[in-house]
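Hello,

Here is the structure we talked about passing on. My notes on the strands and one of the helices follow below it.

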Amino acid sequence: MARKPRVRPLALCIFQRDDAIFVAEGRDEVKDETFYRPLGGRIEFCEYAADTVRRELMEEIGAEVRDLQYLGTLENIFTYQGEPGHELVLMFEGTFCDERLYDADRITDAYSNGELLFHAMWKPLSGFRTGATPLYPLGLLELLDRVSTPAAKE
């Protein structure tokens, strides 16, 4: 019996360094595409989205975060590895507690049970703006542009 498709709630976080953001590298073999996405993950039942960000960053790369600010929600309908997906993504911006994480281009590889999950690294926003390098969820660049304008900060 096939599983009923469901909308997946996620909380992801943007960390910025100059004109770069911290992202995980992903791969869709069906599309033959390498893509990037901010770190975070699935919101558990009775868990606040900001707590999800804190938990996921600690689980994935052992990093504590602070100064979390909600940026907005993006709806992401996509196909990954040939399967349809649907996510509601609560986006946050935050700061790493450990300042050393801002110093290296490639921070870490995330493992679970000895299996490589992803590479995490700093990538320039300019590479995403050309469209040559996919950044997910869709609409993230527009959200970042909207919240970084002077009118948005007033």
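**Strand pairing and a helix face**

Strand E2 (residues 16-17) pairs with E3 in the antiparallel sense, and two bridges hold that pairing. Please keep in mind that this is a predicted model. Within the pairing, Gln16 has Ile21 in E3 as its bridge partner. The two strands form a hairpin with two residues between them. Asp18 lies in that turn and has a positive phi of about 55 degrees.

E3 also pairs on to strand E4 (residues 33-37): the two run antiparallel and are joined by five bridges. In this pairing Glu25 stands opposite Tyr36 of E4. E3 and E4 again make a hairpin, here with four residues between the strands, and Asp32 takes a positive phi near 55 degrees.

How far is strand E3 (residues 20-28) enclosed by the rest of the structure? Buried here means under 20% relative accessible area. Seven of the nine residues of E3 are buried, so the strand is largely enclosed by the rest of the structure.

Now to the helix. Helix H3 spans residues 140-148, and Leu140, Leu141, Leu143 and Leu144 in it are buried. Viewed down the axis of H3, the buried residues fall within an arc of 160 degrees, so they line one face of the helix. Which elements cover those buried residues of H3? Among them are strand E1 (8-14), E2, strand E6 (65-80), strand E7 (83-96) and helix H2 (125-129).

Regards

Methods. Residues are numbered from 1 along each chain as its sequence is written. This is a predicted model: local features need pLDDT of at least 70, side-chain atom pairs count only at pLDDT 80 or more; totals for chains, interfaces and linings use all residues. Side-chain values use heavy atoms; hydrogens and water are left out. Buried means under 20% relative accessible area, exposed over 50%, partly exposed in between (1.4 Å probe, protein chains only). Two strands pair if DSSP finds at least two bridges between them. The arc is that of the directions from the helix axis to the C-beta atoms. Contact means heavy atoms within 4.5 Å.
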